[in-house]
Amino acid sequence: MSQSPTTSPTQDYDPSAPLLEVKDLQVEFRTKAGVAQAINGMNFTLNAGETLAILGESGSGKSVTAQTIMGILDMPPGHIAGGEIRYRGQDLLSMKPERRRKLRGVSISMIFQDALSSLNPVLPVGWQIGEMFRVHHRMNRKQARQKAIELMKRVGIPAAEQRVGNYPHQFSGGMRQRIMIAMAIALDPDVLIADEPTTALDVTVQAQVMRLLKELQVENNMGLILITHDLGVVADVADKIAVMYAGRVMEHTDVFSIYSTPAHPYTKGLLESLPRIDAEGDRLSTVPGLPPTLTDMPPGCPFNPRCPYATDLCRTDRPELLPVADGHTSACHYREELYAGTITAREEVQS
Amino acid sequence: MSNPNTGAQPDPFADSEVVLDVNDLVKHFPVKEGILVKRTTGAVQAVDGVSFKLRKGETLGIVGESGCGKSTLAKLLMRLEEPDSGSVTFRGEDFLSLRGAALRRARRKIQIIFQDPYTSLNPRMSVGDIIAEPFTLHPDAKPAQGVRSRVKELLDVVGLNPDHINRYPHQFSGGQRQRIGIARGLALNPDVIICDEPVSALDVSVQAQVMNLLEDLQQEFGLSYIFIAHDLSVVRHISDRVAVMYLGRIAELGRDHEIYGAPAHPYTQALLSAVPVPDPTVRGQRQEIVLKGDPPNPANPPSGCRFRTRCWKATDICETEDPVLEVRAGTTQRTACHHAAQNEDVSALD
Ligand SMILES: Nc1ncnc2c1ncn2[C@@H]1O[C@H](COP(=O)(O)OP(=O)(O)OP(=O)(O)O)[C@@H](O)[C@H]1O
Ligand SMILES: Nc1ncnc2c1ncn2[C@@H]1O[C@H](COP(=O)(O)OP(=O)(O)OP(=O)(O)O)[C@@H](O)[C@H]1O
Ligand SMILES: [Mg+2]
Ligand SMILES: [Mg+2]
């Protein structure tokens, strides 16, 4: 049942360009409380077949980054204050809205964080999955329904034939998440942004979904941006990692270096807060304090009020994202010392 | 007290008051089919014969496949859904027969923190109104210090800025919204808090803060928790006992070192084997038990043992005889499996 897509003319693409490139992206929200710098200089490159994990505190701007790439940011109050997003060399931000809309779901697709509210409660799930095929591939209802059943099976929904006509509320949270995944992968996208795709799933289904995403990635040489809190999943599937904090990338490197030689205190704090499955443990180590209010950022490094290594320098000068090793960058004044393990935390903020 | 035969540590909650006593709870949802005329063609057996006790100050973790009935069980314990059969005794009272004022009073004492911080908060209500909502529903529980001052105190307790009391949910990140849910859950000084995936949306440093917070609150107020989560490390950390559910039933129930150190039900073993390890250098080395086939249709579960269609140990008896949840030879926890046995290859302790 192969049909050729009716969209995405490819003649303008630069074959030598990376699949997706984000350069110095700035996004702000203009609210009554002032201007909130949600994204403040985001940079990364995603190649075909690669998995980039974006990790970071809640509110650090992971979903806003994803929404901006997808072109579904709420504007206003959102406002793109600068930067570029290039898909195969083409700047998405200056592209005609009509053209950009055609890329959405076809070339760049997204699995949303909140599966519950992203599905339409008054339409059967099969209809919602099938819509992708009716709209983009001009399939008739029957064909689209068949495709929907295939996809539901592919993401592991039991009794797909019988449940294709069910409504979202009749499925558990995890199954709704799998339905969202089915919709996102329906049209074999080049870039898939998965915003916490397995947070609602149990570990066996999580493993199944990650295997499925991996398979799709290999089949279609798809680039995958995986937004997650789960350091286990990241260790399992990511090639590269960007750690975000308060709208900035704090550390960016390959997956092995992050776990073995973190060069940013926030990354270190995250790794140390992990509960262990092989021990009951008493109190968990935490990163004390709260992330800053975006409308009222501290001077200097945004992490300084919570940082066990902060000095006066950190309270006045904002550190740039600079290299500590080949392909490993960190936005910390003491990145060299952290990387070498030659720095100790100040007493008073240790918890 | 301590068991000299197994060398097991004594159960610190053995003598504590039983707060919740759940017996053979059942909830089926009718499945309706048909375009114009809806006919009932079957029933999803969301919860099908679940029993357990929860003691004062204790945390019972519940894990299991998505769709196995964890949230439905939570709703039954909140009486947001009415069970088809079974009993729930809450502090000696028959909880399911309570009506009117008595039900309202009991309900105050069992609170829930929901799975989804995005849809469980009304977007048109300010954070202050959301946290104060329990006082509107239960006017007799209004705090003497004044609602607003209590709400600010609650915001502070969960680590949010009390000055943000007039903000709306969309102005907070997912993790911050989850704290709002916790503050609301704490408002009426409950005895039991059911936490349905309370930390799944949080990054690990904030997750650690929230878990420490839940533990502090438990210590301070003697709270009992039912803690539902998919993250097995999180469940291990916070729970005293763990129930593993599969398709509406409890497959294995025991103290955390029993479940994690010596799992005896094949499903528990599969779950533990699938936990990703936060260490990229061991990538691909994990001996994951990949379950065969698909999860069965919950409206038409397999005969006998519900796990048998996916189980590598299944034999004829599994098809004909429904295994009871009981202590089996060679284990100290209760397991609903005819072939329950420790698997040398699977334990979270190696
Ligand atoms: N529509 C909006 N109006 C105002 N502020 C917003 C809006 N959407 C997001 N923000 C703010 O932008 C910041 C980044 O939010 P974002 O949703 O990207 O966080 P996140 O990193 O995805 O967090 P989480 O892990 O909790 O999902 C937050 O401080 C949030 O409050
Ligand atoms: N109102 C309802 N009507 C019909 N079926 C329902 C209803 N609520 C739940 N179910 C079904 O009952 C079963 C159990 O659902 P429940 O939400 O309790 O699962 P869960 O264990 O919480 O899953 P998850 O981990 O994905 O949150 C599922 O098969 C679900 O589809
Ligand atoms: Mg997000
Ligand atoms: Mg649930």
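At 47% relative accessibility, B:Asp24 counts as partly exposed, where buried means under 20% relative accessible area, exposed over 50%, and partly exposed in between (1.4 Å probe, protein chains only). The model is predicted, so local features need pLDDT of at least 70 and side-chain atom pairs count only at pLDDT 80 or more, whereas totals for chains, interfaces and linings use all residues. Residues are numbered from 1 along each chain as its sequence is written, chains are lettered from A and ligands numbered from 1 in the order in which they are written, and side-chain values use heavy atoms, with hydrogens and water left out.

B:Asp24 belongs to strand β1 (residues 18–33) of chain B; helices (H or I, at least four residues) and strands (E, at least two) are DSSP runs, numbered from the N terminus. The phi of B:Asp24 is positive, about 50°, although the residue is not a glycine. A:Glu196, also not a glycine, has a positive phi of about 50°. A:Glu196 is located in the loop between β7 (191–195) and α8 (203–220) of chain A, and is buried, with a relative accessible area of 4%.

Of the 18 residues of α6(B), 14 are buried, and the helix is mostly covered.

Ligand 1 lies between chains A and B. The ligand is surrounded by 20 residues, of which the closest are A:Ser58, A:Gly59, A:Lys62, A:Ser63 and A:Val64; a residue is near a molecule or strand if one of its heavy atoms lies within 4 Å of it. The shell around ligand 1 divides into six nonpolar, eleven polar and three charged residues. In this division Ala, Val, Leu, Ile, Met, Phe, Trp, Tyr, Cys and Pro count as nonpolar, Asp, Glu, Lys and Arg as charged, and the others, Gly among them, as polar. At least two residues of the shell come from each of α1 (62–70) of chain A and α5 (174–186) of chain B, and α1(A) gives the most, with three residues.

Oxygen atoms of ligand 1 lie 3.2 Å from a backbone N or O atom of A:Ser60 and 3.0 Å from a backbone N or O atom of A:Gly61. An N or O atom in the side chain of A:Lys62 is 2.8 Å from an oxygen atom of the ligand. The protein covers 86% of the 640 Å² of accessible area that ligand 1 has on its own.

A:Glu50, in the loop between β2 (34–46) and β3 (51–56) of chain A, counts as buried at 15% relative accessibility. The side chains of A:Glu50 and A:Lys240 are joined by a polar contact of 3.1 Å (a pair of N or O atoms within 3.5 Å; within protein, one must be able to donate a hydrogen and the other to accept it, and residues adjacent in sequence count only if both atoms are side-chain atoms). A:Glu50 and A:Val218, 168 residues apart in sequence, are 9.4 Å apart in space, C-alpha to C-alpha.

The peptide bond from A:Met75 to A:Pro76 is cis, with omega near -15°. A cis peptide bond also joins A:Pro76 and A:Pro77, with omega about 5°.

Definitions and conventions:
Accessible areas come from the Shrake-Rupley method with a 1.4 Å probe; for residues, only the protein chains shown count as cover.
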